Amino acid sequence: MLPRVFQPGAIGRMRLPNRIVMGSMHLNLETCDDGGAAVAAFYAERARGGAGLIVTGGCAVNRQGSGGRGYVVLSDRARHDALARWADAVHAEGGRIALQLFHAGRLTSSRYTGLPPLGPSTVASRMFPDEPPVAMTAGQIEDTIADFARAAVLAGELGFDAVEVMGSEGYLVNQFGSPLTNTRTDEWGGDARRRNRFAVAVVSAIRDSAPALPVLFRMSGDDLMPGSSTVDEQRALAVELALAGVHALNVGVGWHESRIPTVQSLVPPGAWSHYSAGVKLALAAERLTVPVITANRFTRLAQAEQALADGQADFVSMARPLLADPAIVTKTRTGAPVNICIACNEACIDRSLGEEPVSCVVNPRAGRELVFSQVRVRKARQYAVIGGGPAGMEAARALRSLGHRVELFEASGELGGQFRLARLVPGKADFGATIGYFTDELARLGVRVRLATPITADNLELIGQADGVVLATGVTPRELDLPGADLPHVVHYQRAFLEPESLGRRVVIIGGGGIAVDLAHLLGHGPSPLDARTRFLAEHGLAEGPPPVPSPRSLTILRRRGRIGAGMGRSTRWAAVDALRRQGTALLTGVQYEAITPDGVHITDETGTPRTIPADSVVVAIGQEPRTDLLPLLARTGVPLQVIGGSSGATGLNATRAFEEGLRAAYTL
Ligand code: SF4
């Protein structure tokens, strides 16, 4: 099974057991005051799970290059023992680990570093518009190159098997390569070859200082920034780096400032592997045999196998999938259920952009391996979980994993709760994979799942023997209090998701949160003769294709206060709202709802003007209420009770909270 993925490979002197590289992820745990224990445990679990090579989160080669308060600065000696602990922990599991050498350049702030940001030229970033970088002097450039080299030597001394130079995503090395951020006229700027001189000099300096150490270079296949380096220029850089002695090229795509989504759920899996394929071709044309790693939007090892079979890469980098399931490699090999990354970004990328520790929505243990250790309890108890949505599924899984006996009661005929709606949204089919995983995993663990079994006063004896009960019955849609809300063409969002064909051509959605955005995607996604990947690339001007197919419906989202999609994650909201605009959905905020009539929805718009938005169907998506009707009944039983997920409160409810409360319940009952 998957012969190419499981074929051993090599990067420099490093022998790797398979072709899966865990890509670099900043965890916001790196500078915890724990001697490196949390990060070591995180990496160790992924090494145990079969990752061929683990690349650490970026570690700054000097203080000025730090990307935030939670970044390790390699020149800080106080961190060295913790770093060595990371490497030791991976080696103890038989794994290999590369230290990523990082310099943020202009993508940082003096607020974090206490020093002005540096860059090739004085060009401010979209993230820090008020703090343009100081253009580096020739001396600062030489010093920074030397810092990379020193950091590589240090990495070898601390026990790391390799280093990776962060040269993509718009950080310093990438900034030197781009005409957008490098307007220098000295020997470090000018044409592509001169702009790329910095990247080549960094690699050469590392090779000179640590000749035996394998060096990976994370390069940009395409910056996805108008006016930046061309794809041909990036391929030429790959050739130069290979000639400079780099041992592997890890091909990423897109800057953090790009307006083209690269890792969101609406990006089809494998969307970017043509860039690594292009790098391979460029190397082959020069008879260079440096291994190429492809990256971004691989969620399953079968997709990795396909990329390898197609000759698009020699290794495949997967980052978030190893957050979602640290053992994805060994589980795929043995056929065990795999918890698939759903590309929601809620608990990983969105947190890494701030200072909250990174975790994973569908695997809330991620990053907390020491807090939620998997030691089995001495005395097994009997627990009943009522409700099979995200919170209930995770509670049942975690309780059983700890060794308890668990029975899960779900009123409907299928697990999944709100994920059963989300999986219908274009790009979100993997939310269904989460349901599949928990269905299989609960069965594998021996949880007794009783579907179509609502708990009521009449069958309360079903939970009578339990030592504890977890109530996770979720939410119900909030009712709209408006004249006309009871008309037959007004429906709740749940019905709109499940029966979109029952809606008319002109649809008005009242309420503009994440559910409304998802629903508008579902209703407005027109058919296309193109496959999903080509369609996505064509929509963003990256492939030839016919003009976009008009949306089959006229859609309007109305919101009283706040932005459309408020509450969605920082890295996903903009991409989702952009997609709605592209499909022609009207987005009206600051409106007052007046009434619903058979003609449509009457509002006062943000200018105070009365308007009628014509509608054949009106969908209410104004939030949810906790479903707690069982509480009094359960309280009378006297059995210890935990209320989690939506039933514990709908305010601020999202999948992150639901899964996390499920996990916590198992450890606190
Ligand atoms: Fe994937 Fe979401 Fe988990 Fe991040 S939080 S690893 S995107 S499932």
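The model is predicted, so everything below describes a computed structure rather than an experimental one.

Starting with the big picture, the chain is made up of 22 helices and 27 strands. How compact is the chain next to a globular protein of that length? Its radius of gyration comes out at 26 Å, close to the 26 Å that the globule rule gives for 669 residues, so the chain is as compact as a globular protein of that length. Along its principal axes, the C-alpha trace spans about 75 × 65 × 50 Å. Buried residues account for 54% of the 669 residues. The fold also brings together parts that sit well apart in sequence: taking contacts between residues at least 6 apart, 73% join residues at least 24 apart.

Moving inside, the largest nonpolar core holds 208 residues, and Val163 and Leu249 are the ones that touch the most other members. Helix H1, covering residues 37-48, gives the most to this core, with eight residues. Leu249 is a handy place to look around. Leaving out residues up to four places away in sequence, Leu249 touches Phe217, Met219, Ala238, Leu241, Val279, Val290, Val292 and Ile293.

Next comes strand S20, which runs over residues 554-559 and is mostly covered, with six of its six residues buried. In a regular strand, side chains alternate between the two faces of the sheet. What covers which side can be read off residue by residue: Ser554, Thr556 and Leu558 are buried on one side of S20, while Leu555, Ile557 and Arg559 are buried on the other. S20 also has strand partners. Strand S19 (residues 506-510) pairs with S20 in the parallel sense over five bridges, and within this pairing Val508 has Thr556 as its bridge partner in S20. Strand S21 (residues 586-589) pairs with S20 as well, again in the parallel sense, over four bridges.

Which residues are the closest to the ligand? Of the 14 residues that surround the ligand, the closest are Arg320, Cys341, Cys344, Cys348 and Cys360. Sorted by class, the shell around the ligand contains eleven nonpolar residues, one polar residue and two charged residues.

Note on methods:
Residues numbered from 1 in each chain as written. Predicted model: local features only at pLDDT ≥ 70, side-chain atom pairs only at ≥ 80, totals over all residues. Helix = DSSP H or I, 4+ residues; strand = E, 2+ residues; numbered from the N terminus. Rg over C-alpha atoms; globule rule 2.2 N^0.38 Å. Buried ≥ 20, exposed ≤ 12 C-beta atoms within 10 Å, placed from the backbone. Contact = placed C-beta atoms within 7 Å. Near = placed C-beta within 6 Å. Nonpolar A, V, L, I, M, F, W, Y, C, P; charged D, E, K, R; others polar. Core = buried A, V, L, I, M, F, W, Y, C linked by C-beta atoms within 7 Å. Pairing = 2+ DSSP bridges.
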